[in-house]
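Please look over the model shown here. A short report on its local geometry and packing follows.

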Amino acid sequence: VGTREHAKKQVAQGVDLIVAQGTEAGGHTGEISTLVLVPDVVDAVGARVPVLAAGGIGCGRQMAAALALGAQGVWTGSIWLTVAESGTDPVVIENLLAAGARDAVRSRSMTGKPARQLRTAWTEAWERPDAPKTLPMPLQGILYSEMATRFSRAHSRALAGSPVGQIVSRMGAVRASREVVRDLVEECVSTMER
C-alpha cells in the first residue's frame, strides 16, 4: 500500500499482511516516503494486521529504523537484483552497480504508470519536452517489453535498465545472498543495541 487509506481498505478486505511501500521503492510507487508512510499505516491498522516496511531498505540500519517506526519487519526488493544468484542481465548489473540514488527515476516509460526504474536513454527519451505521451497501461508495457528484448539482445548498456529503488546507491558490488542477509541482520542488531 502507498497510503493510510489503502491500508484501511486492505484490512477491510481481510488481508493477512500489509506491505507499506514508500516512494523510494522500485517499480510502481506512490508519492509518500517510507519514513512518513510506515507510522501512518501502522497507526491506521493498529495491532490487527502486521505491517512490513518497504522502499529504500537495503541495510540493517534501515531495517532497525523500520522497526522503530512500528513495522513488524521489512520487505526488500532492489538489493536482490545484484546478488550473485540473481538472474539479472550482466549489462544491467553493470549499470546498477554504477548508479546513484538519483539514477532511480519515476517514469511512465516502462508501463504507462509511474514506476521507479534505472535512468537510461529510454527513460530520458520519454521525458524530453518533444516526446509523445506514454501509452496507457498495459499498452506502454507491451511496447517496452518488445524493446527490452531488443536492448538485451544488443547488449546496449545505454538502454539496459530495470525497475529499481533509490537504494541502488548502496548496491556497489555483486555479493552472495547469504552475505546480504547476514549483514542485514548483524547491522540491525548492532544498531538496535546502540
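His155 counts as exposed because its relative accessibility is 55%. Here exposed means over 50% relative accessible area, buried under 20% and partly exposed in between (1.4 Å probe, protein chains only). His155 sits in the loop between helix 6 and helix 7. Its phi is near 50°, a positive value in a residue other than glycine. Most residues other than glycine have a negative phi, and most peptide bonds are trans.

The model is predicted: local features need pLDDT of at least 70, side-chain atom pairs count only at pLDDT 80 or more, and totals for chains, interfaces and linings use all residues. Residues are numbered from 1 along each chain as its sequence is written, and side-chain values use heavy atoms, with hydrogens and water left out.

Helices (H or I, at least four residues) are DSSP runs, numbered from the N terminus. The loop between helix 6 and helix 7 also holds Ser156. Ser156 counts as buried because its relative accessibility is 18%. Not counting residues up to four places away in sequence, Ser156 touches Val91 and Phe151. Contact means heavy atoms within 4.5 Å.

Rings of Phe, Tyr and Trp (its six-membered ring) pair if their centres lie within 6.5 Å; planes under 30 degrees apart are stacked, over 60 edge-to-face and the rest tilted. The whole structure has three aromatic pairs. Trp122 and Phe151 form one that is edge-to-face, at 5.6 Å centre to centre and 65° between the planes. This pair links distant parts of the chain: Trp122 is in helix 5 (residues 121-127), Phe151 is in helix 6 (residues 139-154), and they are 29 residues apart. Both Trp122 and Phe151 are buried. Ring pairs join Trp122, Trp126, Tyr144 and Phe151 into a cluster.

The loop between helix 5 and helix 6 contains Ala131. Ala131 counts as partly exposed because its relative accessibility is 23%. Beyond its neighbours within four places in sequence, Ala131 is in contact with Ala125 and Trp126. Pro138 is also in the loop between helix 5 and helix 6. The peptide bond from Met137 to Pro138 is cis, with omega near 5°.

Axes are lines fitted to C-alpha atoms, for helices over the stretch in contact, and angles run from 0 to 180 degrees between N-to-C directions.

| Helices | Axis distance | Angle |
|---|---|---|
| helix 3 (residues 60-68) and helix 7 (residues 177-193) | within 7 Å | roughly 55° |
| helix 1 (residues 4-12) and helix 2 (residues 34-45) | 9 Å | about 35° |

Helix 3 and helix 7 are therefore oblique to each other. Angles under 35 degrees count as roughly parallel, over 145 as roughly antiparallel, 65 to 115 as roughly perpendicular and the rest as oblique. The crossing of helix 3 and helix 7 is right-handed: the near helix is turned clockwise from the far one by less than a right angle. Helix 3 brings Gly60, Arg61, Met63, Ala64 and Leu67 to the contact, and helix 7 brings Leu184, Glu187, Cys188, Thr191 and Met192. These residues divide into six nonpolar, two polar and two charged. Ala, Val, Leu, Ile, Met, Phe, Trp, Tyr, Cys and Pro count as nonpolar, Asp, Glu, Lys and Arg as charged, and the others, Gly among them, as polar.

Helix 1 and helix 2 have a right-handed crossing. Arg4, Ala7, Lys8 and Val11 of helix 1 meet Leu37, Asp40, Val41, Asp43, Ala44 and Val45 of helix 2. Their contact has six nonpolar, no polar and four charged residues.

Note on methods. Helices (H or I, at least four residues) and strands (E, at least two) are DSSP runs, numbered from the N terminus.
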